[in-house]
Amino acid sequence: MNTPTSPAATPRSTLIARLQEAREWDVAVIGGGATGLGVALDAAARGFSVVLVESHDFSSGTSSRATKLAHGGVRYLAQGDIGLVREALAERGAILANAPHVAQRLPFVMPGYHWWERGFYGVGLKAYDALAGARGLGATEILSSRRVRDLLPGVREQGLWGGVKYWDGQFDDARLAVLLARTAAARGALVVNHCTASSLLREGGQVRGLIVRDNETGIEATLRSRCVINAAGVWVDAVRDMDRETGAPPRPAMVAPSQGVHLIVDRHFLPGTHALLVPKTDDGRVLFAVPWLGKLILGTTDTPRDDLAREPAPFHDEVEFILREAGRYLSRAPTRADVRSVWVGLRPLVKPSGDEGESTKALSREHTVIVGRSGLVTVTGGKWTTYRAMAEDVLEQAMARGLLERRRGGVTARLPLLGSAPGRPLWEPPGEHLYGSEAALLRRLPGADRWLWRDGGGGLSEAMVRFAVRHEMARDVEDMLARRCRLLFLDAAEAARQADAVAALMAEELGHAVDAAPFKALAAQYLRLP
Ligand SMILES: Cc1cc2nc3c(=O)[nH]c(=O)nc-3n(C[C@H](O)[C@H](O)[C@H](O)COP(=O)(O)OP(=O)(O)OC[C@H]3O[C@@H](n4cnc5c(N)ncnc54)[C@H](O)[C@@H]3O)c2cc1C
């Protein structure tokens, strides 16, 4: 399939006017994370008419806070869940093929400190390769201690018993999300951020659409739709609650959130081009040290919590755990003073139960699709890597229920996203390479050579801010510095320093004042260690 060309930028006022048109949509999606955007693109690619609303910004929920690994899940292999791993490996291949500018293969090294580890993990990882088949990214290798030291400069050498090298994928999650949104829009979908689904339109016990509110103007619109998909991540239960009969008791929650923390430090703690994986820390968790966009990601944790904060704060023990464990595997232990940014995401873990009368399909992977009596389709769980397969399942359920007519699936398996072109390695600092074939469009904008922030050969240019407003639906400083450019995640203090300049440029592009203060407060949170 040909690489799609960049669509002309659509002004927001036009998007809001389209929301107000009197018409019926085939599919309406609530939530602009990986899951909802995947559904919107798949449905649009099959020729359905699609509208998607996201209450904040695309991927601002969980989908910008992942470890950024497109992976089969080595740990599911250990649990013997072969089908899940095989599917995720196929999906890993699809992501890397369709968006090579923001998703690429990455070598991992698992150092061994016990005599048996190299052989034990080596066998498992060769099985991982075999499952990937033609989608394999490179052969697993058993390494001597010397090779481990060469590939992982910065690894603790004392007690090293060799290691294993294998391949997986990594990506820029927030940029991939925006590309999904824009590619869906290029295929005719109406995709709007900063627009909340405030209630469902119910007639005769059936969901027939939703009421949305534009968060900027307060304008409300009623969207009629044959099928409504609830893809609100950890917030799906609030949307399911909108589907409750008057006077009916609240439903049991479907999601049990679990938070994961990442710490960002400088690359010199692990300066090579390989990531480090510790398959089993002292308390049985997996720990990653992954080079990404010029920095090193350390993480993550898995801590149940019962609130659903938009910006969850890390717990003291989580930060201590990551620093302590990283210190055990790196020759120079990072300290609290080395942390450039701390970010926290909530995993939407699905509880194993459904309402009576609802057709629950706990699929053989981690996600769940429920079609309620009212016809509301709820999808949650899973992982970023499998977003495309999840979308196919959602549409299959909607078609099986008769909400949509049957249309052939598999259309997004080989569907290049906007800008699709081989890029520079993702461990290099961010720059124009993340725009793929759209870099030419970016360079034509004013300020392509005026840099607000410089890192290596890349950084953040004035033109990138203009591009984000004109083409990527960025509406405020946070959209720009957290997700179009990942500076908040890479270096929160530097992001705060850039806030005023970015606000001024955005104001020029948007034609109204832009306040940098809320972003500065957020950046302070990303620097605060409990
Ligand atoms: C710490 C951590 C690390 C992870 N690492 C990886 C990894 O390396 N690889 C991988 O494959 N997966 C990873 N995952 C999993 C992956 O990130 C998630 O499975 C995925 O991002 C979930 O996407 P989602 O769209 O379901 O949820 P979200 O991204 O949260 O999207 C839901 C959206 O719905 C919006 N919304 C809510 N209510 C409304 C409303 N009323 N109206 C409109 N919009 C609404 C929210 O604002 C939100 O943006 C990780 C998860 C965590 C927490």
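Trainee: Which residues line the largest cavity?

Mentor: Bear in mind that this is a predicted model, where local features need pLDDT of at least 70, side-chain atom pairs count only at pLDDT 80 or more, and totals for chains, interfaces and linings use all residues. Residues are numbered from 1 along each chain as its sequence is written, and side-chain values use heavy atoms, with hydrogens and water left out. A cavity is a set of points, on a 1 Å grid over the protein atoms alone, where a 1.4 Å probe fits but cannot get out, and lining residues have an atom within 4 Å of a point. By that rule, the lining of the largest cavity is Asp172, Arg175, Pro430, Gly431, Leu434, Tyr435, Gly459, Met464, Arg484, Cys485 and Arg486.

Trainee: How much space lies in the largest cavity?

Mentor: There are 9 cavities of 30 Å³ or more. For the volume, grid points are joined across faces, edges and corners, and you take the space filled by probe spheres set on the points. The largest cavity then comes out at about 60 Å³.

Trainee: How many charged residues are in the lining of the largest cavity?

Mentor: The classes put Ala, Val, Leu, Ile, Met, Phe, Trp, Tyr, Cys and Pro as nonpolar, Asp, Glu, Lys and Arg as charged, and the others, Gly among them, as polar. In the lining of the largest cavity, 5 residues are nonpolar and 2 are polar, while the charged residues number 4.

Trainee: Which residues lie nearest the centre of the second largest pocket?

Mentor: A pocket, unlike a cavity, is an open set, with protein on both sides within 12 Å along at least five of seven lines. This one has a volume of about 450 Å³, and its lining splits into 14 nonpolar, 4 polar and 6 charged residues. Of the 24 lining residues, the ones nearest the centre are Ala9, Thr10, Leu15, Arg470 and Met473.

Trainee: Okay, on to the ligand. Which residues are closest to the ligand?

Mentor: Count a residue as near if one of its heavy atoms lies within 4 Å. The shell divides into 12 nonpolar, 19 polar and 6 charged residues. Among the 37 residues that surround the ligand, the closest are Thr35, Glu54, Ser63, Leu69 and Thr385.

Trainee: And how much of the accessible area of the ligand does the protein cover?

Mentor: Look at the polar contacts (pairs of N or O atoms within 3.5 Å). Ligand oxygen atoms sit 3.2 Å from a backbone N or O atom of alanine 34 and 2.9 Å from a polar backbone atom of threonine 62, and a ligand nitrogen is 3.0 Å from a polar backbone atom of threonine 67. Accessible areas use the Shrake-Rupley method with a 1.4 Å probe, and of the 1000 Å² that the ligand has on its own, the protein covers 95%.

Trainee: Which residue in E10 stands opposite isoleucine 30?

Mentor: Strands are DSSP runs of E, at least two residues long, numbered from the N terminus, and two of them pair if DSSP finds at least two bridges between them. Strand E1 (residues 24-30) and strand E10 (residues 220-230) run parallel over 6 bridges. Isoleucine 30 faces asparagine 230.

Trainee: Which residue takes a positive phi in the hairpin of E9 and E10?

Mentor: Strand E9 (residues 206-214) runs antiparallel to E10 over 5 bridges, with isoleucine 211 and threonine 222 as bridge partners. The hairpin has 5 residues between the strands, and the one with a positive phi, near 80°, is glycine 218.

Trainee: Last one: what is the phi of lysine 68?

Mentor: Most residues other than glycine have a negative phi, and most peptide bonds are trans. The bond joining glycine 299 and threonine 300 is cis, with omega about 10°. Lysine 68 is in the loop between strand E2 (50-53) and strand E3 (69-70). Although lysine 68 is not a glycine, its phi is positive, at about 70°.

Technical notes:
Polar contact = N/O pair within 3.5 Å; in protein donor to acceptor, adjacent residues only side chain to side chain. Helix = DSSP H or I, 4+ residues; strand = E, 2+ residues; numbered from the N terminus.
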